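Here are a few exercises to work through with the model open beside you. Try each task before reading its solution.

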Amino acid sequence: MDGCVGFNASWRMPTHMRLRRCWLAAVLCATLVAAPASAQSTTASAICGLDTGALHAIEGQVAQIRGLQPLTEPALTLLDHGAMRTYLADSFERDYLPSERESDQKELVALGLIKPTDNLVQIQLDLLSDQVVGVYDSDAKSLFVLADQGAFGPAERMTYAHEFNHALQDQHFDLNKIAPKHPDSNDRSLAVHAIIEGDAIMLQTLWATLNLSQDELIQLARGTGGSGDSLARVPLIVRTELLFPYVDGFSFVRQVYRHAGNSYAAVDDLFRNPPESTAQLLHPDKYIAQVHPVAVQLPGVATQLGPDWRQVGGGVLGELDTRVLLEQWGSNHSDAARVAAGWAGDQWQLVEKDGRSAIVVKSTWDTPAAASDFFSFYSRGLRSRFDSATTEESSVARQALTTPVAATDLRLQGNDVLTVIAFDRDTANAIVDAVTPSAP
């Protein structure tokens, strides 16, 4: 089991919509069906004449491989493309709060991870419409699967194995509990989704190896070409966060499984004690040693700045997004990964006055050398982003850049790095004073 067969993962209805994890999945049934999303108890055989025995056989195979017996039969609803789009849009509207949409959009713009003209919500909706053909909904306890293609072939059977594994995860470990809808930390939520999807990818790979012929495996491999075209067009941050649970999650779960002598008991333990950060996924030794992310504290910036200010959002970037931040602005992947590996914790706040936003990020690092490394690389990144800026200061401990519409302040102190990106110099100075009262 050295790879992910065909990499045909389906999709579990996730939490906070910034974390929608969609990827290619196969269709389930041969007949076009336009079933309403509310028809959660309709069986596959009633809808399209699909042999229910074939599905039960896959369920039994999955349960045996995974070592988890179903506690109940999950509902199955088959949808055509129109009904699937409606279902996804409705769930997106229901579960992605307006405050979360505003915070995500403005955070990523402030950090330069998406353009001001990009619409994060629309990017995600477009990806859903283009990519998702299978969903396990842990609220409805139901599988929703696209069903307007031509055959129940190897890809469709593997997709059902993947989806049914999500149902088993939910029945035994309560996915809504370990991955709550509105998490405080996007980083922690990414890590938890990585074990959920990593387990499902490994399961479908094992299932395919045991239950598909060599010709069918070759058919699967040939059928995945060109599937990432739409992903290549989206911002790096969206693509990276979307693929992380499937690629890095699979790698992490497989390593834990193999280290335990190919035992799923160790995978079960991951659900009982989920990882706390993307750092633990990227460096499994940190999970094993229980190296917890540092809980970095920031005072309420908006409150300190005055009554005209409001806090739009806040949270944790984490190692993964920090790596993307470096890559976005000039660092190559290997350098960005090496530097970000020194991440120990962070906290960010986005504040706003009169429709203009500013962001502050306080990060802490494993060592002063790691903090200095990040300071050095991110200084170059900010210089690349604001290439026409006037340099107010550039020293070993501070970089300050000013343009007509932006002002930055990057400060290094021991293990900590403070980043402020505001819309003018006075605001940047005020935020620095608010979070570091003793700063000169």
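Predicted model: local features only at pLDDT ≥ 70, side-chain atom pairs only at ≥ 80, totals over all residues.

**Exercise 1. What is the volume of the largest pocket, and which element supplies the largest share of its lining?**

Solution. Step 1: the largest pocket has a volume of about 530 Å³. Its lining has 25 residues, and those closest to the pocket's centre are Val109, Ala110, Gly112, Pro116 and Arg385.

Step 1: look for the elements behind it. α4 (98–110), β7 and β11 (416–422) each put at least two residues into the lining of this pocket. The largest share belongs to α4, with three residues.

**Exercise 2. At what angle do α2 and α6 cross, and is the crossing left-handed or right-handed?**

Solution. Step 1: helix α2 (residues 52–66) and α6 have axes that come within 9 Å and cross at roughly 55 degrees. The two helices are therefore oblique to each other.

Step 1: the handedness of α2 passing α6 is right-handed.

Step 2: find who touches whom. From α2 the contact uses Leu55, Ile58, Glu59, Val62, Ala63 and Arg66, and from α6 it uses Arg157, Tyr160, Ala161, Phe164, Asn165, Leu168 and Phe173. By class, that contact has nine nonpolar, one polar and three charged residues.

**Exercise 3. How are α6 and α9 oriented at their crossing, and which residues make the contact?**

Solution. Step 1: take helix α6 (residues 154–173) and helix α9 (residues 214–222), whose axes come within 9 Å and cross at roughly 85 degrees. That angle means α6 is roughly perpendicular to α9.

Step 1: Pro154, Ala155, Arg157 and Met158 of α6 meet Glu216, Gln219 and Leu220 of α9. Sorted by class, the contact of α6 with α9 has four nonpolar, one polar and two charged residues.

Step 2: compare your residue lists for α6. Arg157 is part of the contact with α9, and Arg157 also belongs to the contact with α2.

**Exercise 4. Are α8 and α12 roughly parallel or roughly antiparallel, and how do the residues of their contact divide by class?**

Solution. Step 1: helix α8 (residues 186–211) and helix α12 (residues 264–272) pack at about 155 degrees, and their axes are 10 Å apart. Angles over 145 degrees count as roughly antiparallel, so α8 is roughly antiparallel to α12.

Step 1: their crossing is left-handed.

Step 2: α8 brings Ile195, Ile196, Asp199, Met202, Leu203 and Leu206 to the contact, while α12 brings Tyr264, Val267, Leu270 and Phe271. The class tally for α8 with α12 is nine nonpolar, no polar and one charged residues.

Methods:
Residues numbered from 1 in each chain as written. Heavy atoms only, no water. Axes fitted to C-alpha atoms, helices over the stretch in contact; angles between N-to-C directions. Helix = DSSP H or I, 4+ residues; strand = E, 2+ residues; numbered from the N terminus. Parallel < 35°, antiparallel > 145°, perpendicular 65-115°, else oblique. Contact = heavy atoms within 4.5 Å. Nonpolar A, V, L, I, M, F, W, Y, C, P; charged D, E, K, R; others polar. Left-handed = near helix turned anticlockwise from the far one by under 90°. 1 Å grid on protein atoms, 1.4 Å probe; cavity = no way out; pocket = protein on both sides within 12 Å on 5 of 7 lines; lining within 4 Å. Points joined across faces, edges and corners; volume = space filled by probe spheres on them.
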